[in-house]
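Here are my notes on the model you sent over.

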Amino acid sequence: MMTRLFGAPIKRIEDPRLLRGQGAYLDDLGSDALAAAFVRSPHAHGRILDIDVSDAIDIDGLVAIYTYDDLPGPLAEPLPLLIPHPALTQGRTPHALAKDEVNHVGEAIAMVVARDRYIAEDAAERVVVHYAQLPPVVGIQAARAADRLVHDDVPGNLGARMTQAIGDVDAALAAAPHRLALDLTVERSASMPLEGRGVLARWDRDSKRLRVWTSTQTSTGVRAAVAAKLDLPLGAVEVITPDVGGGFGVKIVHPWPEEVLVPFAARALDRPVKFTEDRREHFVASAHERAQIQHVDVGFDDQGRIHGLDVRFWHDHGAYTPYGLIVPIITSTQLLGPYRVHDYRVTFDSLYTNTVIVTPYRGAGRPQGVFAMERTMDAIARALDLDRADVRAANFIQPEEMPYDHGLIFQDGRPLCYDSGDYPGTLAKLKALIGWSDFEQFRADARAEGRRVGIGLAMYVEGTGVGPYEGGHVHVETSGKVKVATGLTSQGQGHQTAFAQIVADELGVALEDVEVVTGDTRRFPYAVGTFASRAAVMSGSAVALAARVVRQKALRIAGEALEASPDDLEIVDGQVRVKGAPGVTIGLGTVAVLSNPLRYAFDEASKAATQFAIGNPDKPPVDEDDEPGLEGKDYYSPAQSTFANGAHAVIVETDPDTAEIKILRYCVVHDCGNLINPRIVEGQVHGGVAQGVGGALYERMVYDEHGQLLNASFMDFLMPYVTEVPSAIEIDHLETPSPLNPLGIKGAGEAGVIPSAAVFASAIEDAEGIPIRAMPISPSDLFTLRARADRLTSERPGPRAPAAGPLEEIA
Amino acid sequence: MSADIDVALIVNGAGYRARVPPRRLLSDFLRHDLGLTGTHVGCEHGVCGACTVLLDGVPVRSCLLLAATVDGQEVTTVEGLAGPGGSLSKVQQAFQDAHGLQCGFCTPGFLTTITAGLRDNPSPSPEQAREMISGNLCRCTGYQNIVAAVLKAAE
């Protein structure tokens, strides 16, 4: 028997190529292409008075300069608002090149095309733009104050206000035995993949077809957008996703201005054109996420059970809203986590600022929601002097309550209904893994040495595998090799391996005989994209279903050839055989030959398939309900998302003098249903945790009052090196299968980053006895908090309690 | 603009002569003039380490060097790490075995850095393994499995 590959920690198929330097990322392609560079706004807010290119046009090697006035037809219209929503009453999107006005530093104003990038940048530098500067709106407070407006026609800088509610929160709060209020802040960070954005386009003048390569998380989306913007039939545009050097959300936005302008130039110039984003451009011209200010009112009883939860938050969405309200909707719904809250109301304002747009970054609004809820749980525990884990347990949705419908609408427009999950089991595993019950002894021992330590925990539920659908195509060639295609893209998640594992199992073939292609609209033109931890659930299920179609067909054809019922057949090692009679076999390659009756013989295999060799003369060569070829296609389209969950715990040590924060242990319990490849899942968790450490302790976008991003480089934006991440990330898995899909899987891609801000805040608060209400937190921030707490203490009698002091917010 | 400059250098064991503009970066020269696109550029300011190559055996940031300055020197890129016949080097194999890469974009810089690091210290402690890679950024792996790969390659 063959070993089942699903669930096995298989080494990745994609690795040898990448390890040899044979990867093909966007900038590795198109060695013959012209290079595009962009003139970008140095001002956060201003009117464009004049663009003067006269000093640039004489540069040797310059090919073209485009400004807004050069853009024809649909390309001159604003870029699409990708995800409209009834609550987004004041959605605004930019033009591909700025028209009259700029709304953030980095906004593209002119595109320069030249023989190489050096020359293009020389020319771009010589394009002179005159502006009338306008006062910028920077930060949520300024946006709320609305003394100045980002867009003249958007009053209050308010893009959207949205409320969702269940139960009667006012009555529940009024009746609750205890009340508490928290004001919370989360700052901006960004996906920051090591490879920035990039696009290459070739126009074929003879066939009037456009081929575009782009470093994207959705090739089908880019294809449709480019076709619309360039006024081309969809069939005349092909989009190919090459190797992508990380995405983490930012590359789901489409079309970027460059993604339509570069193809436009390639067609206009009849020359291949390429744009490769540099790092500074990525900071100021792609997307950020996370910034929110939150206010939480909670009512609870003596056991810490929540009776009412009223959340108000303000979300900074930057200068434009191409991605709609996805991030704040996720915050407002996923905030509830694993907890049962009958009376809940959440209202958010999504606000314009003169800063880079905000679109999903790994976690996509969940880290902020989890921060709000988990800070609340900790605050309740402290107010009641209860164990923080016990307060959480008191509020859990129980496994037997699944499926659990909160009565809210999720980001996909579908009910927020948890399909499965074992939250008490998750917490029990986490407590065992970190040694929750033994920590007080550790704290005491540390304290005796003059050290200050704290432990924190945070739990989350993550809607993964959102629809609407993905598809898969499986083709068995006459060689017996299996070619698989699915439309969504890959940015390092190991799809070629994981999907091959699924198909190899379903078809009964060897892993090395399966080849998977993703993100190529020539191979699979219907797809959505890779985001929201959806690829394994969606395309994994789709390729499994497609493989089952092929399997059925193979068994039917083989049954005819072997004169056996398909029910009596099995496929082992690529051979269809009669169960219990291993001598009677036919290879899948031969079945593929039989599936496709031919007139012409090109080789030995096709010779065997000519009409004179096979077929029943009484029937048509291809039956009415049949198709030639051993191939199959199917789609997976679930009625709703599947909900993964997990819990993190961290032990930190804070330096009593310098306020440095050191991670002593980091533990993760993770339930993403059945694991396709544990090695890949753990890698995803590791990476997420590292990004979470960055977001909790280091990364922030520092804008000054003029809207200048002061730390737009890797020198100044502090992404974790190995020295900043825990030396070990301890992981334990639960596998609660999803009932929603054929493989019982849930998504895993974002999990590692979701509870990070919450878990570090919990641990630092525990170590310091100071309420932690804003993240990220640097040593300087902690130092300042200590000083403030000391002032408060000196004004009040008695020492500051180290761990379970009173909370100033208690109402 | 200043006149182009003649350079002669050895890249992955093969000799090259080229005439380069004075401002041509070594990274661009390797990638776009020699077609050795395995060396990746992640930040263009010497911080991320993705563009690390070995210059006379020493790890350097090729985005911070001008091609004109390496005349007469020997460069090893990721394409030059595999053994005869294309077999993965010990470091490359350890990366696959330990799942030390995800998107693979930063990986060439880690491979060159670690290759030189293990040559200088063939038996690093876990702490030394972390130190060895502490100048390279990776956004995917959280470094756990890269450290594991260093230790595995040293076995």
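1. First, a convention: helices (H or I, at least four residues) and strands (E, at least two) are DSSP runs, numbered from the N terminus. With that in hand, Pro136(A) sits in the loop between strand E6 (128-133) and helix H3 (140-145) of chain A. This is a predicted model, where local features need pLDDT of at least 70, side-chain atom pairs count only at pLDDT 80 or more, and totals for chains, interfaces and linings use all residues. Residues are numbered from 1 along each chain as its sequence is written, and chains are lettered from A and ligands numbered from 1 in the order in which they are written.

2. Is Pro136(A) buried or exposed? Pro136(A) has 26 C-beta neighbours inside 10 Å, so it counts as buried (buried takes 20 or more other C-beta atoms within 10 Å of a residue's own, exposed 12 or fewer, partly exposed in between, with C-beta atoms placed from the backbone). Leaving aside residues up to four places away in sequence, Pro136(A) touches Ala44(A), His45(A), Asn354(A), His706(A) and Gly707(A); contact means C-beta atoms, placed from the backbone, within 7 Å. Gly435(A), 299 residues along the chain from Pro136(A), has its C-alpha atom 50 Å away.

3. Now chain A as a whole: DSSP gives 19 helices and 29 strands. The radius of gyration is 29 Å, close to the 28 Å of the globule rule for 811 residues, so chain A is as compact as a globular protein of that length (the radius is taken over C-alpha atoms, and the rule is 2.2 Å times the number of residues to the power 0.38). Along the principal axes, the C-alpha atoms of chain A fill a box of roughly 100 × 75 × 50 Å. Of the 811 residues, 58% count as buried. Among contacts in chain A with a separation of 6 or more, 81% come from residues 24 or more positions apart.

4. Next, a sheet in chain A. Six strands make an open sheet in the order E7-E15-E14-E13-E8-E29 (chain A), with mixed pairing; two strands pair if DSSP finds at least two bridges between them. E7 (158-166) and E29 (774-775) of chain A are at the edges with a single partner strand each, so one side of each has no neighbour in the sheet. Helix H8 (residues 326-334) of chain A packs on the sheet, touching E7, E13, E14 and E15 of chain A, and its direction makes about 160° with that of E15(A) (axes are lines fitted to C-alpha atoms, for helices over the stretch in contact, and angles run from 0 to 180 degrees between N-to-C directions).

5. Within that sheet, E8 (residues 178-186) and E13 (residues 292-300) of chain A pair in the antiparallel sense over nine bridges. One bridge to check is Val186(A), whose partner in E13(A) is Gln292(A).

6. There is also a hairpin: E23(A) and E24(A) form it with two residues between them, and Gly580(A) in the turn has a positive phi of about 85°. These strands, residues 575-578 and 581-587, pair in the antiparallel sense over four bridges, with Arg577(A) bridged to Thr585(A).

7. Finally, the contact between chains takes 42 residues from chain A and 44 residues from chain B. H17(A) gives the most to the side of chain A that touches chain B, with six residues.

Notes: Contact = placed C-beta atoms within 7 Å.
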